[in-house]
Each structure stands twice: as structure tokens, then as C-alpha cells.
Amino acid sequence: MSLLDRHRAVMPGWMPVYYGDDAIEIVSGSGRHVTGADGRAYLDFFGGVLTTMIGYDIAEISDAVRRQIGTGVAHTSTLYLIRQQVELAEKIARVSGIPDARVFFTNSGSEANESALLFAANVRRSNQILAIKNSYHGRTFATMAVTGHRSWSSSSLSPLTVNWLSSADRLRGRMAGLGAEDLLDAAVDDLREVLATVTAGDVAALIAEPIQGVGGFVHGPDGLLGAYQKVLAESGILLIADEVQTGWGRTGEHFWGYQAHGVTPDLITFAKGIGNGFALGGVVGRAEVMNAVPAISFSTFGGNPVSAAAGNAVLDYVLDHDLQGNAQRVGSILLGGLRSLDAAIVGEVRGRGLMIGIEFVRPGTTEPDPAATLRVFDRCREGGLLVGKGGLYGNVIRIGPPLTLTEEEARTGLSVLTDAIAATDAESHIA
């Protein structure tokens, strides 16, 4: 049996694998490149869903992990002091932008968001949550409930009462075609209407991604979260910023996605890139909110010595090498090249820094075209480039390479990507 056959024989059928019967097993990596079991090398523009944030085989990270493993201690539990965890928490609290912050470590973004919802519910004594359509916050019980993306909502059962705000999608839906100021006004009106009509008043929190990840990198204009918070503050409603994909400088212009909005969240959730492949996530927030859990609790593996050692090395690398600045410089090459394309199948190019989405539509319409998206996706692989997919209709190519991507690598990947789009666009004219 092939590895794919073995995978299908023992893994749940709802776990997707890219490229169908031609799935890739990645067996080695260096920098921004990976090699498959068939010996073929690829430039990686997706980084394990924005998780391999620094790249592959980075000495500073590998050495830090080896030093910790060399002590013989991979786990002690938080019942004992963990130096690596405390040091990482100090750094995250310092860069969070939240005064007197506290940090709780988890193993994933799902667990981080689940924890943030728990903290907010305890503080507000309410299980009412506001969430945004087209969002994704995780696969656990509560996070699935606040995920506004049908493909990822596996159950209608929920521990929360959730009410929905419109997404900032400007191609279709309530916000279609609106300019920045009009969209801000419409979003605030939408929030006030939801609060006045379908909630019981005592809402706990709004959870929002500054840029929607799985939703296809849809995002509102600068100031949107700030406009929301002015209304939320009237009733003491908390703001949770889900920075699992937008944190650590990926957007280029800011270290955190929320900083584009003139607002300071009560809670920030993080994961993915901070571990660069090691399981690490968490919540950083205001002390009074974080301390609101009325019983003993901890995460057995969250912030364990090995993952925390990786996290310390990752955050040091991000800051020491100004990867936020690199994301802005190199991302501008990709965004500029993509936005200069003359392709009828491209409905929109959006994003910031090294977080870019290309939405594909049927020419002359805003009708999603997942088939064209799949052809571009497959052609990128044929050209030696790995990209991601997403969006509510599966019609968005997602780009989230390691933040160490060089200008030369950006231009190489851009060439493969634009060739794939051009070839697919030409087919649409023939059809």
C-alpha cells in the first residue's frame, strides 16, 4: 500500500489532503524550500498553513530545542516553575501592547480561542458571543460555534449563544462595493442592530480576526475594530483579537493585526507561527480578565519546556532580524505583481505583508470559480510552488510564506503564480 492508501485506511475521512491521489509527503526542508518523497523540490508559499513562520531547518531554533532536550527535561507540568515558559511569557506580555498583561499557554489556536472565550464568559457572566460571518476560530466545541464558515462548522450544537456580524467582504454580501468610510458606517449600524434585536443585552465579547484566515484573507478597512470597540465599550463588552494567523509581524505594517485599527483588545490569542512547527499557542490579556477563572486550571502540555524553548528562539529571531519589515518589503513585491495582472478570472487581490489572497471568479461576474482556482493551484505545484486554498467558496489562493522569504524567492514564486493564472485565464476565454 502507498502512504496515501495507509493514510486513508486509518485517518478520518474528513481530514483533507492536498492534491488528491497525487498527495505530497514532505521529507526534508531548508529555508523556504521543501523536498517531497519523490525527490522534487518546492518553494513553499504556505508554510504549513502560516505555521512554519521562520522557515525550515533554522539553526537558532533547532539549537534552542536541542539544548532543552539535552537537559533530559521535556515536561514537568506547570506545578513546577518552567524558566523557558516564564521568559517567553515576559516577552509576549511586553510586545502585546496590553498594560499589566498575563499570558496563558496552550497547544493550538483552537485551544487558545477556547480559553479566551472561557475568560470572557467568566468576567461577563454571560455565554453570549458576537462573531463575524466568514470567520474561522478552531475545531473545538466552542470555537466551532463562533466559526462563521459553513465548510468548517461540523455541528450546530454549542455551549454558546452566538450572534453574527456581517463580514467585510466587498465582492458580495451586505458590504459589497462599499468604500472604506461607508463600510465602517454600515458595520457600526449592523453591530448596533444586532445588539438591539437578537441579544439578551449582557453580551460577553466580540471575537474577530483582523484578517480572516480560512475565509480567504478578507479584511475590513483600517479602524474597523476600533469602530466596533467604541460601541462595545458602551455596554462593557470585551474584544478578543484572534491573531493566530496575523500576529508576529506577518502583515508587515504592524506587529499585530489589531494595531491597524486604533484599538487595544482585552484579549489576544496566538498560535501557529510562534512555535514554527512546535505545538504552541496561548492567550495574552488584561490581568483582571485573565484572572477571572474561579477554579484551578492549567494546560498539561501548553508552554512545555521544549515548545517554550522554540517559542523563545522564534520571537527573538523575529525581533532581531526585523521580519516585520521584511514582510512589508517582500510582500509589496508580491502584491504589486499580482495587482498588475490583467486577468478576467481574478476578482480581487487582497491582504497585507506576507498574507495575501487571490479570489477567482467567472469572467465578468463576481460568481466564485473554484474550478479555476483548483487549476491555478495545481499549476503552481507543477511549477514547483506550494500555495494554499481557502475562502467561503473554495475560490481563493492563499499565500503565507515564511517571513524570511527573500526578494529573489518572492520574484521566483510570483513568476510561477502569474504564469499559472495567465494559463488558466486563457482557458476561460477559449471556454
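Modeller: Start with R352 and D222, which form a salt bridge. Their closest N and O atoms are 2.4 Å apart. Keep in mind that the model is predicted.

Why can such a pair form? Side chains of opposite charge can pair when their charged atoms come close.

Now see where the partners sit. R352 belongs to strand β11, residues 346–352. D222 is in the loop between β7 (205–208) and α8 (224–233).

D222 has 38% and is partly exposed.

The structure holds two cavities of 30 Å³ or more.

G220 leads us on to the largest cavity. G220 is among the lining residues closest to the centre of that cavity, together with I132, A168, E209 and L224. In total, 18 residues line the largest cavity, and the space inside is about 140 Å³. Helix α8 gives the most to this lining, with three residues. α7 (180–197) also supplies at least two. The lining of the largest cavity has eleven nonpolar, six polar and one charged residues.

For contrast, take a pair inside one helix. E407 and R411 meet in a salt bridge at 3.7 Å, N to O. Both belong to helix α13, residues 407–430. They are four residues apart, so about one helical turn separates them. E407 is partly exposed at 39%, and R411 is partly exposed at 49%. Some bridges also link up: shared partners join D169, R172, E348, R350 and E359 into one network.

One further pair is R362 with E367, at 3.3 Å between the closest N and O atoms. R362 is partly exposed at 35% relative accessibility. E367 is partly exposed as well, at 42%.

How many salt bridges are there in the whole structure? A search finds 21. The one to remember here is R352 with D222.

How values were computed:
Residues are numbered from 1 along each chain as its sequence is written. This is a predicted model: local features need pLDDT of at least 70, side-chain atom pairs count only at pLDDT 80 or more; totals for chains, interfaces and linings use all residues. Side-chain values use heavy atoms; hydrogens and water are left out. A salt bridge is a side-chain nitrogen of Lys or Arg within 4 Å of a carboxyl oxygen of Asp or Glu. Buried means under 20% relative accessible area, exposed over 50%, partly exposed in between (1.4 Å probe, protein chains only). On a 1 Å grid over the protein atoms alone, a cavity is a set of points where a 1.4 Å probe fits but cannot get out, and a pocket is an open set with protein on both sides within 12 Å along at least five of seven lines; lining residues have an atom within 4 Å of a point. Grid points are joined across faces, edges and corners, and a volume is the space filled by probe spheres set on the points. Ala, Val, Leu, Ile, Met, Phe, Trp, Tyr, Cys and Pro count as nonpolar, Asp, Glu, Lys and Arg as charged, and the others, Gly among them, as polar.
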